[in-house]
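Biologist: I have a structure open here and would like to go through it with you. Can we start with the ligands and then move on to the strands?

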Amino acid sequence: MTNTNREWLLAARPEGEPDTDSFELRETDVPTPDPGELLVQTRFLSVDPYMRGRMREGESYADPWNVGDALKGGIVGEVVETASDAYDAGDLVTGEGTWGDYATLDADDVAPVDPAVADPEAYLGVLGMPGRTAYFGLLEVGRPKPGDTVVVSGAAGAVGSVVGQIAKRNGCRVVGFAGTDEKTDWLTDGLDFDAAINYKTTDDYRAALDAAAPDGVDVYFDNVGGPITDAVFTRLNLDARVAVCGQIAHYNDEEVPTGPRKLPQLIPVRASVEGLLVGDFATRFGEASEQLGQWVATGDLRHRETVVEGLENAPDAFLGLFSGDNIGKQVVRVSSADGE
Ligand code: NAP
Ligand code: FER
C-alpha cells in the first residue's frame with residue numbers, strides 16, 4: 001500500500017454552472033484509523049446532483065462544503081486496516097467517505113457490501129441512497145394505485161429508473177422523460193416503461209403527454225423541474241400526487257426563477273405537491289434495502305451504472321450529471337480488486 005492519498009477539495013464556490021476550476025486535487029498522507037474506525041480503500045465513488053447544493057454557501061438539507069475542504073460522498077471500498085472488531089481487512093463496505101483514494105470511516109456508519117447480490121457499484125445506486133429515495137418517494141409520497149398513470153422525469157437516472165420499475169410492479173402505466181434516444185429506448189425496451197419522451201427532441205411536451213398518458217397523470221415523480229414539470233402540471237388528474245424529489249434543472253440557478261407558474265392548474269384537480277427527503281425514512285432503510293436487494297438478486301429490478309475511470313476524472317463525472325452523460329447511476333472507479 002502506498003503512503004500517499006489523493007483527495008479532491010473545493011477550490012472555489014461556483015457561480016451558475018460549475019466547471020473544473022471549482023475543484024483541486026491535493027496529495028496527503030493516507031490517514032490512520034482511530035479506535036472504532038476502518039481505513040477503506042475506495043473502489044467506487046458516487047457523484048450526485050445534491051452535491052451542487054453543498055458547493056453553495058448557506059444551509060440546505062446538507063451542510064455546505066467549505067473552500068479548501070476535502071469533498072465528501074458515498075463510497076464503496078475495501079477495508080485495508082481495521083481498528084474495530086466489526087470488520088476484517090478485505091471486507092467490502094459502503095459509507096460516507098471522501099473524493100479520495102483512502103478514507104477512515106467509523107465502523108458503526110458503514111454497511112457491508114455483498115458481491116453475491118450485485119456488483120459493488122450497485123450499492124451506490126439501486127442498493128444505495130438513490131434506490132431508497134425511489135422506494136420511499138414513490139410508495140410513501142406518490143402512493144401509486146393499480147391502474148394509475150405515473151410520470152417520472154429524469155427517468156433514465158439512478159432514482160428515476162428505479163421509480164418507474166417499482167411503479168410497473170404496482171400495476172401502473174409508466175411514462176418517463178429523458179434526454180436521449182438511447183435512454184428512452186432503454187426505458188421502454190429494457191425496463192418495460194409504457195412510453196418514454198425524449199424531451200430534447202420534442203417541442204410540445206403537452207402533446208407528447210397526451211399521446212403517452214391519454215388518461216392523464218395520477219402520480220408525478222419529479223426529479224428535474226423546469227418546463228417538463230410545467231407541462232405535467234397541466235395534465236394532472238383529480239387527487240393527483242406530485243412527489244418533488246429533485247429540481248436538477250434549477251440547481252445551477254443563482255436566483256429563484258420567476259413564472260410562468262402552473263399552480264392554478266392544481267385547484268380544479270385538488271392535487272397535492274409534496275417535497276421529500278430520503279433521510280426522513282432512515283428508520284425504515286432496512287426494509288428498503290431488503291426489498292430492493294431481493295428484487296435485484298432475482299433480476300426483477302434492473303439497474304445500470306455509468307462508470308468513469310479514475311479519481312482524476314471525478315469532477316468531469318459530476319459535471320456530466322448536468323448534461324445527462326449518465327445512464328443509470330453515475331459512479332467513478334477509483335481502484336480495482338487488485339488494488340491498482
Ligand atoms: P440522475 O438522474 O442519475 O442524474 C441526473 C440526470 O438529470 C441526468 O442524467 C440528466 O438526464 C438529467 N438532467 C440534467 N439536467 C436536466 C435538465 N435541465 N432538465 C431535465 N433533466 C436534466 O441523478 P439522481 O441521483 O438519480 O437524482 C435525480 C434527482 O433526484 C436529482 O434532482 C436529485 O437531486 C434528486 N434526489 C433527491 C433526493 C431526496 O431525498 N429528495 C435523493 C436523491 C436524489 P437527461 O439526459 O434525461 O437530461
Ligand atoms: C439529493 C440527494 C439527497 C437531494 C436530497 C437528498 C434534493 C437528501 C438527503 C437527506 O434526506 O438527507 O439529490 O436533492
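**Ligands and sheets**

Biologist: Which residues are around ligand 2?

Modeller: The residues around ligand 2 are Tyr-50, Tyr-61, Met-129, Cys-245, Tyr-251, Leu-277, Val-278 and Gly-279. Keep in mind that this is a predicted model.

Biologist: How much of ligand 2 does the protein bury?

Modeller: Ligand 2 taken alone exposes 370 Å², and the protein buries 74% of that.

Biologist: How does the shell around ligand 2 divide into nonpolar, polar and charged?

Modeller: Seven residues of that shell are nonpolar, one is polar and none is charged.

Biologist: How far is a backbone N or O atom of Gly-279 from an oxygen atom of ligand 2?

Modeller: The distance for Gly-279 is 2.6 Å. Val-278 also has a backbone N or O atom facing this question, at 3.4 Å from an oxygen atom of ligand 2.

Biologist: Now ligand 1. Which residues come nearest?

Modeller: There are 26 residues around ligand 1, and Lys-183, Tyr-199, Tyr-251, Leu-276 and Asn-326 come nearest. Tyr-251 is also one of the residues around ligand 2.

Biologist: What does Lys-183 do there, in terms of distance?

Modeller: A polar side-chain atom of Lys-183 lies 2.6 Å from an oxygen atom of ligand 1.

Biologist: And which backbone atoms are 2.8 Å from an oxygen atom of ligand 1?

Modeller: A polar backbone atom of Asn-223 is at 2.8 Å from an oxygen atom of ligand 1. For Val-278, a polar backbone atom is 2.8 Å from an oxygen atom of ligand 1. On its own, ligand 1 has 910 Å² of accessible area, and the protein covers 91% of it.

Biologist: Which helices supply at least two residues of the shell around ligand 1?

Modeller: Helix H2 (129-142), H3 and helix H9 (314-323) each do. By class, the shell has 16 nonpolar, nine polar and one charged residues.

Biologist: Where does H3 lie?

Modeller: Helix H3, residues 158-169, lies across S8, strand S9 (173-178) and S11. H3 runs at about 170° to S8.

Biologist: Those strands belong to a sheet. What is the strand order, and is the pairing parallel or antiparallel?

Modeller: The order is S10-S9-S8-S11-S12-S13, an open sheet of six strands with parallel pairing. Strand S10 (195-198) and strand S13 (272-275) are the edge strands, each pairing on one side only. Neighbouring strands in this sheet are turned by 15° against each other on average, direction ignored.

Biologist: How many bridges join S8 to S11?

Modeller: Three bridges join strand S8 (residues 149-152) to strand S11 (residues 217-222). Val-152 stands opposite Phe-221 in S11.

Biologist: Last topic. In what sense do S3 and S4 pair?

Modeller: Strand S3 (residues 37-46) and strand S4 (residues 72-82) pair in the antiparallel sense, over seven bridges. Leu-38 stands opposite Thr-82 in S4.

Biologist: What about S4 and S5?

Modeller: S4 pairs with strand S5 (residues 92-98) in the antiparallel sense over seven bridges. Here Glu-78 stands opposite Leu-92 in S5.

Definitions and conventions:
Residues are numbered from 1 along each chain as its sequence is written. Chains are lettered from A and ligands numbered from 1 in the order in which they are written. This is a predicted model: local features need pLDDT of at least 70, side-chain atom pairs count only at pLDDT 80 or more; totals for chains, interfaces and linings use all residues. Side-chain values use heavy atoms; hydrogens and water are left out. A residue is near a molecule or strand if one of its heavy atoms lies within 4 Å of it. A polar contact is a pair of N or O atoms within 3.5 Å; within protein, one must be able to donate a hydrogen and the other to accept it, and residues adjacent in sequence count only if both atoms are side-chain atoms. Accessible areas come from the Shrake-Rupley method with a 1.4 Å probe; for residues, only the protein chains shown count as cover. Ala, Val, Leu, Ile, Met, Phe, Trp, Tyr, Cys and Pro count as nonpolar, Asp, Glu, Lys and Arg as charged, and the others, Gly among them, as polar. Two strands pair if DSSP finds at least two bridges between them. Helices (H or I, at least four residues) and strands (E, at least two) are DSSP runs, numbered from the N terminus. Axes are lines fitted to C-alpha atoms, for helices over the stretch in contact, and angles run from 0 to 180 degrees between N-to-C directions. Contact means heavy atoms within 4.5 Å.
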